[in-house]
Amino acid sequence: IQGLRAVAALMVMFAHIYPALPMQAQWTLPYVGTMGPSGVDLFFVISGFVVYLSADRLGKKAEIVGRWRSFREFAVKRVLRIYPGYWVAFFVASVLLLTTTLVVAPPQISERPLWGLLLLIDQPNNRIGAAWTLQYEVTFYAICALGILLFPRRILLMLGPVAVAVFFGCVAGIVKPMAYLFLEFVFGIVV
């Protein structure tokens, strides 16, 4: 799994670096351009698999230690996995914005409330453009955490209806256009 994560990260990195390379064949751009989004897709599927296994294990453990303890253990681990590194990157990007002319996000992205950006609940993120992926991760974590709390031995009872709602919301056009990415996490569970 770690090897696949590395492949996904390299795909995204290469897609971002390639256009800046001095020597490149123009015919390769469309192919390289699809590598980045495909890397994100792969990462979301892997994340869905790994996070569900963790949530399911803690859900089953809830019978012994209690729902709240399992919920808290899952939530604390996930918060510590995402936020400290994100906050460091956010701080560095903020300092760069204030002290240099370096552009860290496209200029058409308007300034957002600081608290929403720090908690990864507001987008688009004008400090770290790639933070949108973390927002999807955090949303999936939150749904799994609720599953541990509400249906500890059957977390799929929480994930299933949400996946169905997202699917039909996408088909009907009533949810954000990129909400379908949540289904990639669910696909990781199915795999």
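What follows is a short exchange about the pockets of a predicted model.

Trainee: What volume does the largest pocket have?

Mentor: Rolling a probe the size of a water molecule over the atoms shows where empty space is left. For the largest pocket in this predicted model, the computed volume is about 600 Å³.

Trainee: Which residues are the closest to the centre of the largest pocket?

Mentor: A residue counts as lining if it has an atom within 4 Å of a pocket point. The largest pocket has 29 such residues. The closest to its centre are V12, V40, A130, W132 and T133.

Trainee: Which helix gives the most to the lining of the largest pocket?

Mentor: Elements that each supply at least two residues of this lining are α1 (2-17), α2 (29-65), α3 (67-99) and α5 (131-150). With seven residues, the one that gives the most is α2.

Trainee: What volume does the second largest pocket have, and which residues are the closest to its centre?

Mentor: The volume of the second largest pocket is about 320 Å³. It is lined by 15 residues. The closest to its centre are Q123, Q135, Y136, T139 and K176.

Trainee: Which element gives the most to the lining of the second largest pocket?

Mentor: Two or more residues of this lining come from each of α6 (156-172), α7 (182-190) and α5. The lining divides into ten nonpolar, three polar and two charged residues. Giving five residues, the element that contributes the most is α5.

Definitions and conventions: Residues numbered from 1 in each chain as written. Predicted model: local features only at pLDDT ≥ 70, side-chain atom pairs only at ≥ 80, totals over all residues. Heavy atoms only, no water. 1 Å grid on protein atoms, 1.4 Å probe; cavity = no way out; pocket = protein on both sides within 12 Å on 5 of 7 lines; lining within 4 Å. Points joined across faces, edges and corners; volume = space filled by probe spheres on them. Helix = DSSP H or I, 4+ residues; strand = E, 2+ residues; numbered from the N terminus. Nonpolar A, V, L, I, M, F, W, Y, C, P; charged D, E, K, R; others polar.
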